[in-house]
Amino acid sequence: MTQPRAGSQSATPNAAAAGGGLRRSLGFTDLVLIAVGTVIGSGIFLVPSVVLRQTGLDPRLALLVWTAAGILSLLGALTYAELGAMRPDAGGLYVYIRDAFGSLTAFLYGWTSFFVIASGSIATLAVAFSGYLSQLVPIGPVGAKLVSVGVIAVTAAVNIAGTRKGATVQNWTTAAKVLTLVSLSGALIALGHHSGASLFAPAIDGGNGAAPRIGAAMIGVLWAYEGWQYVTFCAGETRDPQRVFPRAITVATVGLIVIYLLANIGYMTALGVPAAAASEHVAVDAVRELVGPAAGSIVGTLILVSIFSATNGLMLTAPRMYYAMARDGVFFERLAVISPRTGTPAFAIIAIAVWSALLAVSGTFEQLLTYVVFTGWVFYALGGASVIVLRRKSPHALRPFRVPGYPVTPILFVASAGWLVVDTMLTQPARAALGLGAVLVGTPAFYLWRARSRRGAAVLAPATTPEKRDAPAAS
């Protein structure tokens, strides 16, 4: 078994607690609901109609795309399961990339996540929350901004108060939205006006252009599944992580595939394929067929719960990466401090909450995400490749879980992530160049932080050396 890196969190719960680190308080159910809740936001209520149009109104191809993208995500989850069991530390994906490809590469991921990807996603969800709320209750432009900031503040406060409290909120909100979404899907399938046989009828607009549309649809659906990797950041707070983490991330991803397929089948059964494809708000229109005018309020409330759950999931998970970066001496030192009262990285949570709120109020998150969010998949691919690199670098490390189908499983996941990145670079080269440039801007910041960390260590070293400490004072 290899020795843990200097400064890494112990895999032993008591050791972590004794060292003032994060407390291991999360179990199997917590991790499953964190992963599912972080992925399901508002996409499943809107994206299916787009996918139907991109696949030539062929329901068979649409369902195949949702299934294939889910399987690719599952391959990634199985790959990360081995890494999470092998390196059950706070920071998850950051730690895997750091150990496989070096500190700079890992830092660039964390840097981009803090300033754009995670913070921009939180801002997007908060603004979407106020947008959907305004459809139910008139709140006005100023009220909408206050609501957005309020959502961020509430989720931050909950997670500062304790990891267990944040996980409990996540459990209840995720369970509520999953049960409601599955129940609605089941009712749409059972009571819909269109038979299940119609889903397997020939395509209305198939033919020669199907392949390009399938590719575009696949990329869009991969985005809809994006987010399950955030649960890796919580491996350092998981009880018995070598056993629990692989099971949880696998079950969560399989569950997402089932939920997404049920929702798609429900929409098409309720509306029929042409109407489902033409709808701009497919979930509302499908439920309206079932319950009438009250559909807007029902689906709107469901989406609000769904968005709040996803926001809380990001606030629960992402700060653990910034904590790990600060602990490594390559980010704001204060973010490595654990609250002695609540056992949470309170300053890391506050930092991401404040920055996300500023993005939400200013509206700049839209421009930032447009250019940078695709770069996250560069790092997801590196995370998948880490399992191959670490098997070579640390062949004798303890691996309680080994990814099945190795090396095909991680290679397929890396290839799918790479495909998404390359497609963006080919179809939107200006956007891709600006996004990659924004990531690389973090390089000088990394060397600045590392230099400061080394200077600090050099200053402290003489004072903490036993010989110096015990030496008699000069006369």
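## A buried residue, V403

V403 is buried, since its relative accessible area is 4% (buried means under 20% relative accessible area, exposed over 50% and partly exposed in between, with a 1.4 Å probe and protein chains only). V403 lies in the loop between α17 (376–393) and α18 (408–427), where helices are DSSP runs of H or I with at least four residues, strands are runs of E with at least two, and both are numbered from the N terminus. Apart from its neighbours within four places in sequence, V403 is in contact with L78, T79, E82, R391, T409 and P410, contact meaning heavy atoms within 4.5 Å. V403 and Y80 stand 323 residues apart in sequence, yet their C-alpha atoms are 8.3 Å apart in space.

## Basis of the model

The model is predicted, so that local features need pLDDT of at least 70 and side-chain atom pairs count only at pLDDT 80 or more, while totals for chains, interfaces and linings use all residues. Residues are numbered from 1 along each chain as its sequence is written, and side-chain values use heavy atoms, with hydrogens and water left out.

## The chain as a whole

The chain holds 21 helices and 0 strands, and 53% of its 475 residues count as buried. Among the contacts in the chain with a separation of 6 or more, 82% come from residues 24 or more positions apart.

## Where α6 meets α15

Helix α6 (residues 103–136) packs against helix α15 (residues 346–362) at an angle of about 60°, and their axes are 8 Å apart; axes are lines fitted to C-alpha atoms, for helices over the stretch in contact, and angles run from 0 to 180 degrees between N-to-C directions. The two helices are therefore oblique to each other, given that angles under 35 degrees count as roughly parallel, over 145 as roughly antiparallel, 65 to 115 as roughly perpendicular and the rest as oblique.

On the α6 side, F114, F115, S119, G120, I122, A123 and V127 take part, and they meet A351, I352, W355, S356, L359 and A360 in α15. By class, this contact of α6 with α15 has 10 nonpolar, 3 polar and no charged residues, where Ala, Val, Leu, Ile, Met, Phe, Trp, Tyr, Cys and Pro count as nonpolar, Asp, Glu, Lys and Arg as charged, and the others, Gly among them, as polar.

## Salt bridges

Side chains of opposite charge can pair when their charged atoms come close. A search of the whole structure finds 10 salt bridges, each being a side-chain nitrogen of Lys or Arg within 4 Å of a carboxyl oxygen of Asp or Glu. One of them joins D328 to R98, with the closest N and O atoms 2.8 Å apart. This pair links distant parts of the chain, 230 residues apart, with D328 in the loop between α14 (319–327) and α15 and R98 in helix α5 (residues 93–101). D328 counts as partly exposed at 22% relative accessibility, whereas R98 counts as buried at 3%.

Another salt bridge pairs R288 with D285 (2.9 Å, N to O), and both residues lie in helix α12 (residues 282–291), 3 residues apart, about one turn of the helix. R288 is partly exposed at 38% relative accessibility, and D285 is partly exposed at 25%. Elsewhere, salt bridges that share partners join R87, R98, D99 and D328 into one network.
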